[in-house]
Amino acid sequence: MEFQNYIGGKWVKGRGGKTFDAINPANEEVIAQIHAADVADVEAAVQAATDAFESWRLTPAPLRGELLFKIGDLLKQKKEELARLLTQDMGKVIAEARGDVQEAIDMAYFMGGEGRRLLGYTAPVEMPNKFGMAVRDPSGVAGIITPWNFPIAVPSWKIFPALVAGNTIIWKPSPETPAISAAFVKVFEEAGLPAGVFNLLLAPGADVGKALVDHPGVRVLSFTGSTATGRAIAEAAGRLNKKVSLEMGGKNAIIVLDDAHLELVTDATLWAAFGTTGQRCTAASRLIVQKGIAPKLKEALLARTRKLTLGNGLDPNVEVGPVINKTALERIHNFVQIGQKEGARALVGASVADVNGKGFFYTPTLFDGVRPGSTLEAEEIFGPVLSIIEVNTLEEAIQVNNRSKYGLSTSIFTQDVNRAFTAMRDIFTGLVYINHGTTGAEIQFPFGGVRGTGNGHREAGQAALELFTEWKSIYVDYSGKLQRAQIDNREE
Ligand code: UN1
């Protein structure tokens with residue numbers, strides 16, 4: 001297989017003439033050769049997106065929405081094919097890859113419907129014979145930079161709202177998942193999206209992303225990825241007065257109170273901690289457990305964690321796939337070793353796993369006796385490592401949860417409605433789950449986090465439109481004379 005960049009409605013090799021490989025993390029095989037974009041391609045893509053903007057913004061929004069419905073239909077038809085490519089490009093197990101594609105289908109239909117909403121509002125005005133309304137304009141050319149862990153779902157939270165609102169796009173996906181990214185763009189092309197509306201740049205390294213962030217023609221930026229990169233983007237964007245949405249790290253916790261349903265907590269914890277091999281922004285990496293239930297829960301988790309099947313995600317019996325690459329494997333193991341040095345005890349795992357001598361596998365790991373404030377408790381590991389922290393009360397659990405520098409997702413297990421509502425009020429994260437793990441967000445609700453996780457924006461849901469639209473307030477005076485607001489209608 002071979003994939004190229006998509007600029008101005010054409011598939012093109014990078015101007016620098018370089019290529020790189022798309023590697024299957026389950027067996028280290030090269031699945032595709034990718035033509036790398038370089039900085040000169042950024043210029044061409046911004047030009048194409050700028051040219052296309054004029055006619056795209058004037059295309060009636062309901063028609064833009066209809067194109068999204070068509071894209072949704074095509075994604076549905078190609079769901080299995082795309083899911084299989086996604087698993088080979090990124091490693092997640094096939095059932096989860098299907099979920100990843102399904103999330104894009106959901107988002108396409110949801111935002112397709114926005115084509116006939118994109119709601120503004122009217123309000124009464126203070127002068128006679130005058131009318132006021134607020135409408136949404138597209139923000140302009142959007143730069144979208146996305147990670148490898150949800151190569152289809154996360155981009156769709158940004159791409160579909162941007163398109164329906166009349167923006168044009170330059171998408172720079174992670175170089176770890178170039179094949180599935182290009183396959184995704186082909187669906188938009190097949191649906192008949194006009195040339196230049198959606199451009200794709202595939203590139204390793206930071207140069208292309210940086211050029212996109214710095215380009216004066218790009219008005220709005222939406223980024224999901226590491227905290228360090230997000231901060232750098234925000235600084236650059238701030239200097240250039242651009243709109244920027246950041247979605248960064250997480251250190252999500254499941255809180256388990258003594259009255260929780262043990263079997264449910266066990267199922268949910270395994271899924272939230274080790275699903276996607278712990279590589280979700282929303283993955284549970286802390287288990288904050290009340291002391292009474294802790295011994296039984298640890299026993300249940302330990303038994304089940306030991307039984308998890310690692311391997312190639314295309315095998316339907318495999319429960320845990322590889323991590324994305326060798327660097328990730330080393331980073332995860334490094335955190336595990338630091339944890340051990342700091343006095344936490346690994347109940348299971350804590351080692352690189354050998355699956356037929358190939359691929360990047362890490363054994364699902366449970367750490368007991370993790371102290372609040374220690375490295376394991378505080379830092380995002382982005383791998384299959386769960387740290388158990390014992391507490392005495394609900395209040396203490398919430399305190400430990402809220403002290404994190406991140407604030408994406410928290411869950412609590414209890415059968416007591418009073419304590420559930422207290423937790424809903426006092427937990428400060430962008431997502432809160434009651435009697436469900438920390439993952440499983442649906443696209444119709446805002447997605448994002450507080451503290452170090454984000455910068456105040458939300459993706460998905462109607463909230464996503466805030467980034468990709470600018471409010472325009474329009475006043476129509478049909479009185480035929482000068483009416484000065486705040487002045488002429490006052491007696492004094
Ligand atoms: C992510 O955590 O990186 O909520 C995205 C979920 C998915 C999306 C997660 N719907 O787990």
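How much space lies in the second largest cavity? Colleagues, the answer for this predicted model is about 50 Å³. The lining of that second largest cavity consists of Gly339, Glu342, Gly343, Ala344, Gly369, Val370, Arg371, Ser374 and Leu376. By class, these lining residues are three nonpolar, four polar and two charged.

Rolling a probe the size of a water molecule over the atoms shows where empty space is left. The count comes to four cavities of 30 Å³ or more. The largest cavity holds about 80 Å³ of space. It is lined by 13 residues, of which Gly278, Ala283, Ser285, Glu380 and Phe382 are the closest to its centre. Six residues of the lining of the largest cavity are nonpolar, five are polar and two are charged.

I turn now to the ligand. The ligand sits in the second largest pocket. Around the ligand we find Glu103, Asn149, Phe150, Trp157, Arg280, Cys281, Thr282, Thr439, Gly440 and Ala441. This shell comprises four nonpolar, four polar and two charged residues. Both domain 1 (2-248 + 454-474) and domain 2 (252-434) give residues to the shell, and the ligand therefore lies between them.

In the side chain of Glu103, an N or O atom is 2.9 Å from a nitrogen atom of the ligand. Thr282 places a polar side-chain atom 2.9 Å from an oxygen atom of the ligand. From Gly440, it is a polar backbone atom that lies 2.9 Å from a ligand oxygen atom. On its own, the ligand has 320 Å² of accessible area, and the protein covers 98% of this.

Terms used
Residues are numbered from 1 along each chain as its sequence is written. This is a predicted model: local features need pLDDT of at least 70, side-chain atom pairs count only at pLDDT 80 or more; totals for chains, interfaces and linings use all residues. Side-chain values use heavy atoms; hydrogens and water are left out. A residue is near a molecule or strand if one of its heavy atoms lies within 4 Å of it. A polar contact is a pair of N or O atoms within 3.5 Å; within protein, one must be able to donate a hydrogen and the other to accept it, and residues adjacent in sequence count only if both atoms are side-chain atoms. Accessible areas come from the Shrake-Rupley method with a 1.4 Å probe; for residues, only the protein chains shown count as cover. On a 1 Å grid over the protein atoms alone, a cavity is a set of points where a 1.4 Å probe fits but cannot get out, and a pocket is an open set with protein on both sides within 12 Å along at least five of seven lines; lining residues have an atom within 4 Å of a point. A molecule sits in a cavity or pocket if more than half of its atoms lie within 2 Å of its grid points. Ala, Val, Leu, Ile, Met, Phe, Trp, Tyr, Cys and Pro count as nonpolar, Asp, Glu, Lys and Arg as charged, and the others, Gly among them, as polar. Domain bounds come from an automatic or database domain assignment. Grid points are joined across faces, edges and corners, and a volume is the space filled by probe spheres set on the points.
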